Amino acid sequence: MVKEGITDAFGIPGAGINPVYKYLENAPISHYGMRHEEACTHAADAYFRASHKIALAICTAGPGATNFVTGLYTANIDSIPLLAIVGQANTWQLNQDPFQCVDMVSIADTVTKKVFRPMKAEEIPDMMREAFYLMREGKPGPVLIDFPLDVQMGELEFEIDSYEPKGISKAMPDPEKIGKAIEMLSEAENPVIIMGGGVRLAEAEEALIHFAEEYQIPVITTYMAKGGIPENHPLNAGHAGIQVGQPIGNKYLLESDVVLGIGCRFSDRHTGDLKVYRGDRKFIHIDICETQIGKVFEPDLGIVSDAAEAIKQLEEAARTKKLKNFSNERVAVLPILREEMARKTDYDSIPIMPHRVFHEVNRAFDGNTMFTTGCGIVQIWSGQLQKIDKPGKYLPSGGAGTLGFEIPAAFGAKVAHPENYAVTVLGDFGFTFMGEEIAVTTVFDKPIIVVIVNNANLGLIRQNQKGAYGFEYAVGMPCNQDGTIDYVKVAEGFGCMGERVFTPEELRDALERAKAAGKTYVIDAICVKEQLCDMGNSIAAIKSWV
């Protein structure tokens, strides 16, 4: 692991993994003891999102191992590599149903790039080399080592200096298809670029922005690429989508005739009604994974390639073929329309409007602040309303939408970049998923800021019940506001600081105290109970509730 660059581990020791911990103790790897196994994976996940360095998540066998599954799924669907190691019974016990023996090879197969189970010690060096290769190669993702106890105890002849990581080769685009893409763009009048999360993984944001600037093509970011282009960049056309989309992004996509999508999945929350989304426009889809192309709909042109390499060759081909500049009135008015169409956030109401929470968060933090978010109505408001100016600073559970990701992810990001603020904005119900991990931030002196949008409801579930099915049941949580539940005491009980706020002015002041505290700070913001979020079934039919 050290030879492969691992410097940080998030784990919980146990009888099934203690032989590994014996050697982890003196390794040049910092270990952070978490409070729940799922949190180990979320912390390692966000650590990579923030730093592009792989971390280790490690725990014992049985229920410890199965608690990893949600985090592995969360990482896998968002293409995040992490190394997971879990304990297992002795090899000779595997078919005897011994204590805490579970078939992790079968269970985790669909939520990892691969599950390894070494049956003898001699397999380990080659297995580890292959594991790190798979994590990094092509579409990145997590790998799990299911580690039998007797194999952990085994001995082998091995010289560590002989170990070298396996080289990674980038997927190169077909030059003919790159040329065809430029031809399709040359025939367009109103093209648009979609910057997807694959551009972030390839660290190719600047190259894509340069290409867009050269030919004056508006850039829409997917949710996973939020922050990939500065908020006030003249070509930033925001998000498109039926949930975390923005009016400006939907408008510019609907008015386009050619769409160049790079490193995106065309997922359902982005596209909505495919007939509306596709319309009469043509699509060029570039992705590192061949199976992604055509998975949702067949593009007019599909190109398998690493995002950075594709952008490089697009620039070269555009220069050779003298691609025209698309500067026109539509491009010129984009910054003006972006301001005019932006959703209102400066509400003065009491209780606080959820939108105002994000207004104050946007005001309080600088561009280096790292934000995490998990799922629900608060995640949707976050995607719609938060302003993120730099890549790698917005760290969401995108494809999975995992409640419980938020707090351990903020901790993992803080470990990766202790010099930056790490902030999570989440719902009152969401705080109870992995909320115990604020204790870890205290123990290891890695403070984060937690802002609770306390609307005393399962907000998005309530909206779905009422909108889709015409009923409302089991979604109200009045105890979260009436004094029965006290999140400030929860914070204090875990060695953190906290306060409850009722007005926008109190929230603003609380955020400043949180920034100056030097300790994890929980702000319980009492918000409007039944506020709905803007969403719809197609990008042409988003219903506004304010």
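## A buried glutamate and its partner

Glutamate 360 counts as buried, because its relative accessibility is 0%. Keep in mind as you look that this is a predicted model. The side chain of glutamate 360 meets that of arginine 363 in a salt bridge, with an N to O distance of 3.3 Å. Both residues sit in helix H17 (residues 354-364), three residues apart, which is about one turn of the helix. Arginine 363 has 37% relative accessibility, so this residue counts as partly exposed.

Salt bridges with shared partners join Asp348, Arg356, Glu360, Arg363, Arg508, Glu512 and Lys515 into one network.

## A pair across the chain

In general, side chains of opposite charge can pair when their charged atoms come close. How many salt bridges are there by the rule used here? The count comes to 25.

One of these is the salt bridge between the side chains of arginine 49 and aspartate 78, at 3.0 Å from N to O. This pair links distant parts of the chain, 29 residues apart: arginine 49 is in helix H2 (residues 37-51), while aspartate 78 is in the loop between helix H4 (69-77) and strand E4 (83-88). Are the two partners buried or exposed? Arginine 49 is buried, since its relative accessibility is 6%, and aspartate 78 is buried as well, with a relative accessible area of 7%. The cut-off behind both calls is that buried means under 20%.

## The second largest pocket

If you are thinking about cavities and pockets, here is one to look at. The second largest pocket has a volume of about 1,000 Å³. Its lining is made of 27 residues, and Met1, Val20, Tyr23, Ile124 and Phe147 lie nearest the centre.

Which elements supply at least two residues each to this lining? They are helix H1 (18-24), helix H6 (124-136), strand E6 (143-148) and helix H7. H1 gives the most, with five residues. Sorted by class, the lining of the second largest pocket holds 22 nonpolar, two polar and three charged residues.

Leu156, Phe158 and Ile160 make a nonpolar surface patch of about 250 Å². Phenylalanine 158 belongs to the loop between helix H7 (149-152) and helix H8 (175-186). The relative accessibility of phenylalanine 158 is 39%, so this residue counts as partly exposed.

Glutamate 187 is exposed, because its relative accessible area is 58%. Between glutamate 187 and leucine 323 there are 136 residues of sequence separation but 9.6 Å in space, C-alpha to C-alpha.

Serine 305 lies in the loop between strand E12 (301-304) and helix H14 (307-320). Serine 305 has a relative accessible area of 1%, so it is buried. Glycine 263 is 42 residues away from serine 305 in sequence and 9.0 Å away in space, again C-alpha to C-alpha.

## Backbone details to check

Most residues other than glycine have a negative phi, and most peptide bonds are trans. Which peptide bond is cis? The bond from isoleucine 350 to proline 351 is cis, with omega near 0 degrees. Proline 351 sits in the loop between helix H16 (334-340) and H17.

Glutamine 216 is not a glycine, yet has a positive phi of about 55 degrees. The loop between helix H10 (205-215) and strand E8 (219-221) holds glutamine 216, which is partly exposed at 23% relative accessibility. Methionine 434 also has a positive phi, near 65 degrees, and is placed in the loop between helix H20 (428-431) and helix H21 (438-443). Methionine 434 counts as buried, because its relative accessibility is 9%.

Key: Residues numbered from 1 in each chain as written. Predicted model: local features only at pLDDT ≥ 70, side-chain atom pairs only at ≥ 80, totals over all residues. Heavy atoms only, no water. Patch = residues over 30% accessible without salt bridge, like charges linked within 9 Å, V, L, I, M, F, W, Y side chains within 5 Å. Areas by Shrake-Rupley, 256 points an atom, 1.4 Å probe, with all protein chains shown as cover. Salt bridge = Lys/Arg side-chain N within 4 Å of Asp/Glu carboxyl O. Helix = DSSP H or I, 4+ residues; strand = E, 2+ residues; numbered from the N terminus. Buried < 20%, exposed > 50% of the residue type's maximum accessible area, 1.4 Å probe, protein only. 1 Å grid on protein atoms, 1.4 Å probe; cavity = no way out; pocket = protein on both sides within 12 Å on 5 of 7 lines; lining within 4 Å. Points joined across faces, edges and corners; volume = space filled by probe spheres on them. Nonpolar A, V, L, I, M, F, W, Y, C, P; charged D, E, K, R; others polar.
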